[in-house]
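This report describes selected features of one protein structure, beginning with a single residue and moving on to its surroundings.

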Amino acid sequence: YYIHNGYLWIIIKTGFIGFIFLLWFYATFLIQIMKNWNNIIDKELKAILFSFFLGGIASLLSVFVNPMFTQWFSVDILMLVIGLTQAILIINKEEHKIQCNC
């Protein structure tokens with residue numbers, strides 16, 4: 001007894017403004033990965049970010065049939081992935097400062 005389209009569900013629950021803010025937040029996450037992709041020094045962290053990027057794109061597509069942005073267990077995983085992405089970018093920035101003695 002729920003709408004399977006997650007985007008439509010968010011528009012109904014939060015309105016169009018809430019939907020725009022959600023897309024803005026999620027697009028910022030994906031754009032940060034794309035911007036910093038070439039700057040990642042560690043190959044393992046680069047592979048992790050690549051998997052997060054592919055998973056983020058797949059999530060955007062799967063929300064059409066599964067309302068994962070409104071399910072508590074999916075939102076927890078998405079926020080963990082976004083937080084880990086930020087941590088990887090910060091760690092990489094610190095490693096870059098150490099290597100170039102800036």
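## A serine in helix 2

Ser59 belongs to helix 2, residues 43–62 (helices are DSSP runs of H or I with at least four residues, numbered from the N terminus). The model is predicted, so local features need pLDDT of at least 70 and side-chain atom pairs pLDDT 80 or more, while totals for chains, interfaces and linings use all residues. Residues are numbered from 1 along each chain as its sequence is written, and side-chain values use heavy atoms, without hydrogens and water.

With a relative accessible area of 9%, Ser59 is buried (under 20%, using a 1.4 Å probe and protein chains only). Its side chain reaches the backbone oxygen of Gly55 at 2.8 Å. Apart from neighbours within four places in sequence, Ser59 is in contact with Tyr26, Met68 and Leu78 (heavy atoms within 4.5 Å).

## The nonpolar core

In soluble globular proteins, nonpolar side chains tend to be buried together. Here the largest nonpolar core has 20 residues, and Tyr26, Phe29, Ile33, Leu49, Phe52 and Phe69 have the most contacts inside it (such a core is a set of buried Ala, Val, Leu, Ile, Met, Phe, Trp, Tyr and Cys residues joined through side-chain atoms within 4.5 Å). Helix 1 (6–36), helix 2 and helix 3 each give two or more residues to this core; helix 1 provides the largest share, seven residues.

Leaving aside neighbours within four places in sequence, Phe69 is in contact with Tyr7, Ile10, Leu22, Tyr26, Leu60, Val63, Val75 and Leu78.

Note on methods: Buried means under 20% relative accessible area, exposed over 50%, partly exposed in between (1.4 Å probe, protein chains only). A polar contact is a pair of N or O atoms within 3.5 Å; within protein, one must be able to donate a hydrogen and the other to accept it, and residues adjacent in sequence count only if both atoms are side-chain atoms.
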